[in-house]
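Colleague: Got the model open. Can we walk through the helix packing, the domains and the ligand shell?

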Amino acid sequence: MYRDILVIGAGAIGLSSALHMKRLNPEKSVLVVDRLGGPGQGNTAKCAGIFLNLATTELNFDLCDSTIDWFYHLQDDLGHRLGLTQYGYLYLLDRERYERVKKPIEEARSVGVDIKIYERPEVERLLPDLATGFGEEETELMGLKPVEVGVLTRKCGSIDADGLTRSLEAEFLKLGGEVSYNTTAKTLIVKPLKELGVDGEPFVWQDIHITGAETSKGEIQAGTTVVAAGTWSERLLDPIGFDTLTRPKSRSIFVFKDPKLDRLRDTRGFSETGLLPFTSIPEISVYLKVEPSEGTIWLGCADDFGRRYGLEDDPQPERGLYENDIYHALVKYLPCFEDLRPLNSWTGQRAMNRVDKTPVVAPAPGMIYVGSATGYGVTKCDALGRTVAAAYAGEEEVEFFGGQRIRVADLGIEDRKKVKETFKV
Ligand SMILES: Cc1cc2nc3c(=O)[nH]c(=O)nc-3n(C[C@H](O)[C@H](O)[C@H](O)COP(=O)(O)OP(=O)(O)OC[C@H]3O[C@@H](n4cnc5c(N)ncnc54)[C@H](O)[C@@H]3O)c2cc1C
């Protein structure tokens with residue numbers, strides 16, 4: 001089987017890439033394969049479903065902000081159900097952390113992020129469930145500091161990741177794209193550029209390129225192969241010696257529903273939604289997300305330092321992570337969680353760019369790698385898909401939805417733009 005373009009991976013990033021390549025090259029045949037049974041069932045399905053435009057560099061701001069605008073276009077103009085609920089992203093910070101991020105907040109504002117600061121009395125008024133006055137011996141022993149400031153980023157909220165991938169797939173199919181699920185790419189096919197037809201090719205002295213993939217349904221030859229297999233990309237790329245700058249790391253989500261949490265969930269005053277913003281308490285590495293479709297509260301643990309790297313096919317929540325660990329600190333800040341246990345939990349893996357935490361779009365002969373989104377793959381998927389399409393066309397620049405432009409090479413490996421996000425809490 002031959003296709004002009006083969007995309008491996010039907011996650012948010014693979015489908016965005018396929019959509020934009022097909023849109024710009026309607027005459028080309030574009031096939032997306034995924035080893036799972038439908039669109040977006042890999043780590044996209046496991047994500048917290050948050051979009052946000054908080055960045056201190058123009059590059060990351062443009063990746064996020066343009067993708068969010070595209071989500072609204074998909075929902076409002078093209079009629080897809082993405083469940084967009086813009087309730088903001090609230091950081092609850094102690095004084096010391098706030099002092100540390102004051103300058104980054106100004107940097108973020110200067111690139112276009114809309115941020116509002118709430119001092120402690122206002123945080124206490126708007127969030128009556130938050131305990132801010134500690135002073136107990138146990139809390140002191142735990143080294144926990146009370147919340148003094150709330151930092152709210154407004155253009156942030158919840159997205160239905162499943163709705164997103166289904167809408168991307170639908171738009172792609174409408175253009176004549178093809179998908180093949182339950183199809184695993186086993187290896188990439190490496191061939192010499194000039195084949196001699198001799199046993200043992202390719203030889204070290206021959207120039208090589210990727211010409212498709214050996215899959216569970218046979219060989220698929222392709223003019224260009226896009227590797228968008230998320231954290232699993234290393235299985236295809238390590239054997240050919242291609243470094244994605246990335247390592248996988250697990251993150252778990254715990255789901256709660258209980259009348260004791262209703263007031264917290266229905267926190268008014270931060271946005272017109274009347275819902276608790278996506279809320280992060282960095283002091284205890286915890287974030288909370290109201291899932292509007294279920295009325296549940298999801299809890300994630302942002303414990304990057306101390307958590308091991310390593311690829312897993314079916315990662316599971318660490319035993320006792322909530323009950324024996326997170327819980328004890330969480331109830332100090334949010335006593336409404338007292339005695340509550342999660343109804344459900346799951347664990348996914350994030351493709352962590354270990355160099356600068358910014359995504360990678362890297363062409364090599366016959367292929368393009370896209371990924372390494374470091375926990376922002378949904379929030380940046382459209383901009384990444386457009387960058388892949390520009391790389392495919394050999395363009396120097398890519399234009400995002402809304403007109404922002406960057407150099408394609410800015411996300412590459414060789415001539416990458418060095419950016420440093422400074423908002424670290
Ligand atoms: C707990 C958690 C919370 C997160 N929260 C957020 C968030 O709130 N906002 C955000 O923007 N991001 C979040 N992320 C990150 C986000 O999930 C990823 O950045 C994003 O899903 C990456 O998309 P992808 O298309 O690269 O990967 P995936 O969705 O994993 O897609 C890769 C696809 O490739 C397929 N595949 C793999 N190997 C093969 C093969 N050999 N052959 C065929 N198919 C293959 C897989 O089945 C999969 O469907 C979170 C991640 C986790 C784990």
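Colleague: At what angle do α1 and helix α11 pack, and how far apart are their axes?

Modeller: This is a predicted model. In it, α1 and helix α11 (residues 381–392) pack at about 45 degrees. Their axes are 7 Å apart.

Colleague: Is α1 oblique or roughly parallel to α11?

Modeller: Oblique, because angles under 35 degrees count as roughly parallel and α1 meets α11 at about 45 degrees, which makes the pair oblique.

Colleague: Is the crossing of α1 and α11 left-handed or right-handed?

Modeller: The crossing of α1 and α11 is right-handed.

Colleague: Which residues meet there?

Modeller: From α1, the residues are A12, I13, S16, S17, L19, H20, M21 and L24. From α11, they are C381, D382, L384, G385, R386, V388, A389 and Y392. By class, this contact of α1 with α11 has 10 nonpolar, four polar and two charged residues.

Colleague: Now α7. What are the angle and axis distance between α1 and α7?

Modeller: Helix α7 (residues 161–174) packs on α1 at an angle of about 25 degrees. The axes are 9 Å apart. That angle makes α1 roughly parallel to α7.

Colleague: And the hand of that crossing, left or right?

Modeller: Left-handed, as α1 passes α7.

Colleague: Who touches whom between α1 and α7?

Modeller: On the α1 side, A12, L15, S16, A18, L19 and K22. They meet A161, L164, T165, L168, E169, E171 and F172 in α7. The contact of α1 with α7 splits into eight nonpolar, two polar and three charged residues.

Colleague: Switching to domains. How is the chain divided?

Modeller: Into domain 1 (2–80 + 161–245 + 355–411) and domain 2 (89–155 + 250–350). Taken over C-alpha atoms, their centres are 32 Å apart.

Colleague: How many residues are in contact between domain 1 and domain 2?

Modeller: 20 residues of domain 1 contact 19 residues of domain 2. On the domain 1 side, α2, β3 (50–52) and α3 (58–77) are the elements giving two or more residues each. The largest share is from α3, with four residues.

Colleague: What classes make up the side of domain 1 that touches domain 2?

Modeller: Nine nonpolar, seven polar and four charged residues.

Colleague: On to the ligand. Which residues come nearest?

Modeller: There are 40 residues around the ligand. G11, G42, G230, G348 and G377 come nearest.

Colleague: Which domains does the shell around the ligand draw on?

Modeller: Domain 1 and domain 2 each give at least three residues to the shell around the ligand.

Colleague: Which helices and strands supply at least two residues of that shell?

Modeller: α1 (12–24), α2 (43–46), β12 (246–256) and β16 (344–353). So α1 lines the ligand shell as well as packing on α7 and α11.

Colleague: And the classes of the shell around the ligand?

Modeller: 18 nonpolar, 17 polar and five charged residues.

Colleague: Which residue other than glycine has a positive phi?

Modeller: D339 has one, near 70 degrees. D339 is in the loop between α10 (321–333) and β16.

Colleague: Why flag these at all?

Modeller: Because most residues other than glycine have a negative phi, and most peptide bonds are trans.

Technical notes
Residues numbered from 1 in each chain as written. Predicted model: local features only at pLDDT ≥ 70, side-chain atom pairs only at ≥ 80, totals over all residues. Near = placed C-beta within 6 Å. Nonpolar A, V, L, I, M, F, W, Y, C, P; charged D, E, K, R; others polar. Domains from an automatic or database assignment. Axes fitted to C-alpha atoms, helices over the stretch in contact; angles between N-to-C directions. Parallel < 35°, antiparallel > 145°, perpendicular 65-115°, else oblique. Left-handed = near helix turned anticlockwise from the far one by under 90°. Contact = placed C-beta atoms within 7 Å.
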